[in-house]
There are 2 protein chains.
Amino acid sequence: MSDCTRPGSLFLSAPLPPGGIAIMAKFMDVHSGFVGVTPEQLVDAHEADLKIEGEEGVHFERAWLDAESGKVFCLSTGPSKEAVMRIHERTGHPTTEVYELTAEV
Amino acid sequence: MSDCTRPGSLFLSAPLPPGGIAIMAKFMDVHSGFVGVTPEQLVDAHEADLKIEGEEGVHFERAWLDAESGKVFCLSTGPSKEAVMRIHERTGHPTTEVYELTAEV
């Protein structure tokens, strides 16, 4: 019921070309320990990320919460895993579990 | 660059009401061990799920692959975790790591 309109490409990331033009990669990061977090708290955390993400060239597109297990998944674009990690760290919800996506359907 | 058009609701799932009308819940499931999988193989696996998902009232909306770590994340709607697991099992890529999402932004 919430289908997405999006480009059809399967290839999300590519190495930097020799000329050095930055190509955005796509990431999924996973947080643990958020048991009992409310939807409003998820919104607050996401908005904190959105406020400063531009400083690292990152954009957090979506975030999903399972409040029972305490897992949060964030989908983002950006220049590197480390850039994603720095934003999450500065906003108080650090994670080292960041996956660079090589394909999506 | 691939923003989604979607309903604004934060609340994705709800318990079945006493009257028994089925309400779809949303899930993120995680697979491990898919190191070196190609985008085409991800498409094939996703299409295999799509072919039979209706038999369980499940719909797989998206899937993301990190071929280096071997992780795959699937976003779906359906009546239960078990229904999601049964589809993945029948198509040859079982996982027990299925999270029921209580909120998204």
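Strand S1 (residues 25–31) of chain A pairs with S4(A) in the antiparallel sense over four bridges, where two strands pair if DSSP finds at least two bridges between them. In S4(A), A:Leu101 is the bridge partner of A:Lys26. The structure is a predicted model, in which local features need pLDDT of at least 70 and side-chain atom pairs count only at pLDDT 80 or more, whereas totals for chains, interfaces and linings use all residues. Residues are numbered from 1 along each chain as its sequence is written, chains are lettered from A and ligands numbered from 1 in the order in which they are written, and side-chain values use heavy atoms, with hydrogens and water left out.

Chain A contains two helices and five strands, these elements being DSSP runs numbered from the N terminus (helices H or I, at least four residues; strands E, at least two). Along the sequence, the elements of chain A follow the pattern β-α-β-β-α-β-β. Of the 105 residues in chain A, 47% are buried; buried denotes under 20% relative accessible area, exposed over 50%, and partly exposed the range in between (1.4 Å probe, protein chains only). Among contacts in chain A (heavy atoms within 4.5 Å) between residues at least 6 apart in sequence, 65% join residues at least 24 apart.

An open sheet is formed by five strands in the order S4(A)-S1(A)-S3(A)-S2(A)-S5(B), with antiparallel pairing. Its edge strands, each pairing on one side only, are strand S4 (98–101) of chain A and strand S5 (103–104) of chain B. Helix H1 (residues 39–52) of chain A packs on this sheet and touches strand S2 (59–66) and strand S3 (71–78) of chain A together with S5 of chain B. The direction of H1(A) makes about 160 degrees with that of S2(A); axes are lines fitted to C-alpha atoms, for helices over the stretch in contact, and angles run from 0 to 180 degrees between N-to-C directions. Helix H2 (residues 81–90) of chain A lies across S1, S2, S3 and S4 of chain A, at about 45 degrees to S1(A).

The end C-alpha atoms of H1(A) are 21 Å apart, in agreement with the 20 Å that its 14 residues should span at 1.5 Å a residue; the expected span is 1.5 Å times one less than the number of residues. Buried positions in H1(A) are A:Pro39, A:Leu42, A:Val43, A:His46, A:Asp49 and A:Ile52. An α-helix has 3.6 residues a turn, so residues three or four places apart point the same way. The cover over the buried residues of H1(A) includes S2, S3 and H2 of chain A together with S5 of chain B.

A second open sheet has five strands in the order S5(A)-S2(B)-S3(B)-S1(B)-S4(B), again with antiparallel pairing. Here S5 of chain A and S4 of chain B are the edge strands. S5(A) and S2(B) run antiparallel and are joined by two bridges, and A:Ala103 has B:Leu65 as its bridge partner in S2(B). Helix H1 (residues 39–52) of chain B lies across S5 of chain A together with S2 and strand S3 (71–78) of chain B, running at about 160 degrees to S2(B). H2(B) lies across S1, S2, S3 and S4 of chain B at about 45 degrees to S1(B).

Over all chains, ten salt bridges are counted, a salt bridge being a side-chain nitrogen of Lys or Arg within 4 Å of a carboxyl oxygen of Asp or Glu. One of these joins the side chains of A:Glu104 and A:Lys26 (3.4 Å, N to O). The pair links distant parts of the chain, with A:Glu104 in S5(A) and A:Lys26 in S1(A), 78 residues apart. A:Glu104 counts as buried at 4% relative accessibility, as does A:Lys26 at 3%. A network of salt bridges links A:Lys26, A:Glu61, A:Glu104 and B:Arg62.

In A:Glu55 and A:Arg90, the closest N and O atoms of the salt bridge are 2.9 Å apart. A:Glu55 lies in the loop between H1 and S2 of chain A and A:Arg90 in H2(A), so the pair ties together parts 35 residues apart in sequence. A:Glu55 is exposed at 56% relative accessibility, whereas A:Arg90 is partly exposed at 47%.
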